Amino acid sequence: MGSVIVRGETTIVDQMIYHDDQPITWEDADARAGRRLDRRRAWAFVEGTLCTSISWTQACSGCGYGFEDRGSGCSECGHHGVTREAMWVPEPMTSKDLP
Ligand SMILES: [Zn+2]
């Protein structure tokens, strides 16, 4: 199940970053994007730019280097040796998205 938000003001309090994310309806999102968005994906409008979410796993910074340490782990990564990361990236318009 996808979702769509608009990223509002970003504030930093005590070195913690807070994003003022506002969920919007698919109809509103389609109008903003100028096309019909894939309901199965996660979307965000960051500073007016349509972005989609990508996620990946990487070696945990809390328990040493690389995947050699996999299996040992620490509390930061739940003892898996890897952490799950995600970020918003701008979604380029591609020809397959055009009507
Ligand atoms: Zn770890």
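## Hairpin, sheet and loops

In this predicted model, strands β3 and β4 form a hairpin in which two residues lie between them. Glutamate 47, in the turn, has a positive phi of about 50°. The two strands, β3 with residues 42-46 and β4 with residues 49-59, are paired in the antiparallel sense over four bridges. Within this pairing, phenylalanine 45 has leucine 50 of β4 as its bridge partner.

Strand β3 also pairs with β1, which covers residues 3-13. These two strands run parallel and are joined by five bridges. Arginine 7 has valine 46 of β3 as its bridge partner, and isoleucine 5 stands opposite alanine 44 in β3.

What is the order of the strands in the sheet? Five strands form an open sheet in the order β2-β1-β3-β4-β5, with mixed pairing. The edges are taken by β2 (16-23) and β5 (82-90); each has a single partner strand, so one side of each is left without a neighbour in the sheet. From one strand to the next, the twist averages 40°. In a regular strand, side chains alternate between the two faces of the sheet.

For the chain as a whole, the secondary structure amounts to one helix and five strands. Read from the N terminus, the elements follow the pattern β-β-α-β-β-β. Of the 99 residues in the chain, 9% are buried. Among contacts with a separation of 6 or more, 39% are accounted for by residues 24 or more positions apart.

Proline 23 belongs to the edge strand β2. Is this residue buried or exposed? Proline 23 has 10 other C-beta atoms within 10 Å, and a residue with 12 or fewer counts as exposed, so proline 23 is exposed. Apart from its neighbours within four places in sequence, proline 23 is in contact with Ser3 and Ile5. The C-alpha atoms of proline 23 and valine 6 are separated by 6.3 Å, although the two residues are 17 residues apart along the chain.

Positive phi values also occur in two loops. Aspartate 14 lies in the loop between β1 and β2, and its phi is near 55°, a positive value in a residue other than glycine. Histidine 79 lies in the loop between β4 and β5 and has a positive phi of about 65°, although it is not a glycine.

The table lists the counts for the residues discussed.

| Residue | Other C-beta atoms within 10 Å | Class |
|---|---|---|
| Proline 23 | 10 C-beta atoms | exposed |

Terms used: Residues numbered from 1 in each chain as written. Predicted model: local features only at pLDDT ≥ 70, side-chain atom pairs only at ≥ 80, totals over all residues. Pairing = 2+ DSSP bridges. Axes fitted to C-alpha atoms, helices over the stretch in contact; angles between N-to-C directions. Buried ≥ 20, exposed ≤ 12 C-beta atoms within 10 Å, placed from the backbone. Contact = placed C-beta atoms within 7 Å.
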